[in-house]
Structures are given as structure tokens and as C-alpha cells.
Amino acid sequence: MQMKELAVSAIGATANAAKEAMLPYFPQIVEFIKEYLSNTESIERNILRVQAIDTLGVLARTIGASNFMPLADECVQLGLRLLEEDRDPDLRRCTYGLFASVSTILKSNMGKYLKDIVKYMIESLQSAEGIVTHYATEDDPSFLLDDEDLEGVGGVEDDDDEVTG
């Protein structure tokens, strides 16, 4: 299993270096990657799935937008399905990376997926330990600090004030 993980990683590294020169091998690589994405039998397989998603993201960035465009929507839909089915942090990390890579291809067409993607991102940010996130409002922007808020705190002084020591 480790050899397969390293091989999938090597494909990504090679694509990073070779860019569009990987195009002749692209269909075959995608078929292998699809196999790893669909198989969720064990933890070892999940490691391969995470590496396959990372490699798919690398291919999206390197193979050329016009070459990857036919797979772009399918990749986003795959990522959304994975986020729905699995809460594994490594899987979520690589899926968000895949979204970032595919967004460079879809550009403004990525907008139709943002509502769902942002929902999962916010869910990922929420604490499992019961910590509640404080969101600023116009009445209480307390976590947004500007230079005036920092005057006299931690040694930060206003330029007009004389520093005494």
C-alpha cells in the first residue's frame, strides 16, 4: 500500500515538473486515480484516496486549463460528495486543496458551488470542544483591531506621542 501511495505522489511531483508534457499519460492516470477515489474499504485505502485527491489537484494546476476543463465540474462534485460522506480531517484538507486548484480552471463558474463549499469550510472551523466563534457586528467589532485600538498596548505607540522610557 505504501508503494502505491508513493507512486501516486510521484505522479503529482512529475506533473508539477513536466506540466503539459504529462498530457499523453493523463487519461490513464485519471483512471488509476478514479479507482482510488471510489475504494473506501480501509484506513490504508483512505490514505491512498487522500493522496489521489492531492495528485488530482496538482494535475488540475499543471496539465493546462483546457485539458482539465472536462473534469473540473466532476472534481468539484466529487469533493462535495466526499465532504458529505466523510469527516476525516486529512480528506477535508486535500478536498479543499482540490477546490482551490479547480477554481483556477473554473474561475467565475466556481460561484455555483460556493454556497456548499463555504458551508463545509465553516463546519470544519467549528470546534468539537464546544468553543463558540465570536463574530463581529457593527455594534461590537471587538476582534477587529486597528492602529487606534493598539495604542499603548504591548509597546505600540502613536507616532505623535512621545515615548518615555
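Which helices do the buried residues of H2 pack against? They pack against helix H1 (2-18), helix H3 (43-62) and helix H4 (65-85), where contact means heavy atoms within 4.5 Å.

1. Ground rules. This is a predicted model, in which local features need pLDDT of at least 70 and side-chain atom pairs count only at pLDDT 80 or more, while totals for chains, interfaces and linings use all residues. Residues are numbered from 1 along each chain as its sequence is written, and side-chain values use heavy atoms, with hydrogens and water left out.

2. Overall fold. The chain has seven helices and zero strands, and its pattern along the sequence reads α-α-α-α-α-α-α. Helices (H or I, at least four residues) and strands (E, at least two) are DSSP runs, numbered from the N terminus. Of the contacts with a separation of 6 or more, 66% are between residues 24 or more positions apart.

3. Surface and burial. Buried residues account for 33% of the 165 residues; buried means under 20% relative accessible area, exposed over 50%, and partly exposed in between (1.4 Å probe, protein chains only). The accessible surface of the chain is about 10,800 Å², with 54% of it belonging to carbon and sulfur atoms. These areas come from the Shrake-Rupley method with a 1.4 Å probe, and for residues only the protein chains shown count as cover.

4. Helix H2. Phe26, Ile29, Val30, Ile33, Tyr36 and Leu37 are buried in H2. They cover an arc of only 120° around the axis, which puts them on the same side of H2; the arc is that of the directions from the helix axis to the C-beta atoms. An α-helix has 3.6 residues a turn, so residues three or four places apart point the same way. The face turned away from the buried side of H2 carries the exposed residues Pro27, Gln28 and Ser38.

5. A geometry check. The 13 residues of H2 (residues 26-38) should span 18 Å at 1.5 Å a residue, and the end C-alpha atoms are 18 Å apart, which agrees. The expected span is 1.5 Å times one less than the number of residues.

6. Salt bridges. The structure holds seven salt bridges, each a side-chain nitrogen of Lys or Arg within 4 Å of a carboxyl oxygen of Asp or Glu. One of them joins Lys34 to Glu74, with the closest N and O atoms 3.8 Å apart. Lys34 lies in helix H2 and Glu74 in helix H4, so this pair ties together parts that are 40 residues apart in sequence. Lys34 is partly exposed at 36% relative accessibility, and Glu74 is partly exposed at 41%.

7. Two bridges from H3. Arg49 and Asp86 meet in a salt bridge (2.9 Å, N to O). Arg49 lies in helix H3 and Asp86 in the loop between H4 and H5, so the pair ties together parts that are 37 residues apart in sequence. Arg49 is buried, with a relative accessible area of 4%. Asp54 forms a salt bridge with Arg93, the closest N and O atoms being 3.3 Å apart; Asp54 is in helix H3 and Arg93 in helix H5, 39 residues apart.

8. A last look at the salt bridges. Arg87, Arg92 and Glu123 are linked in a network of them.
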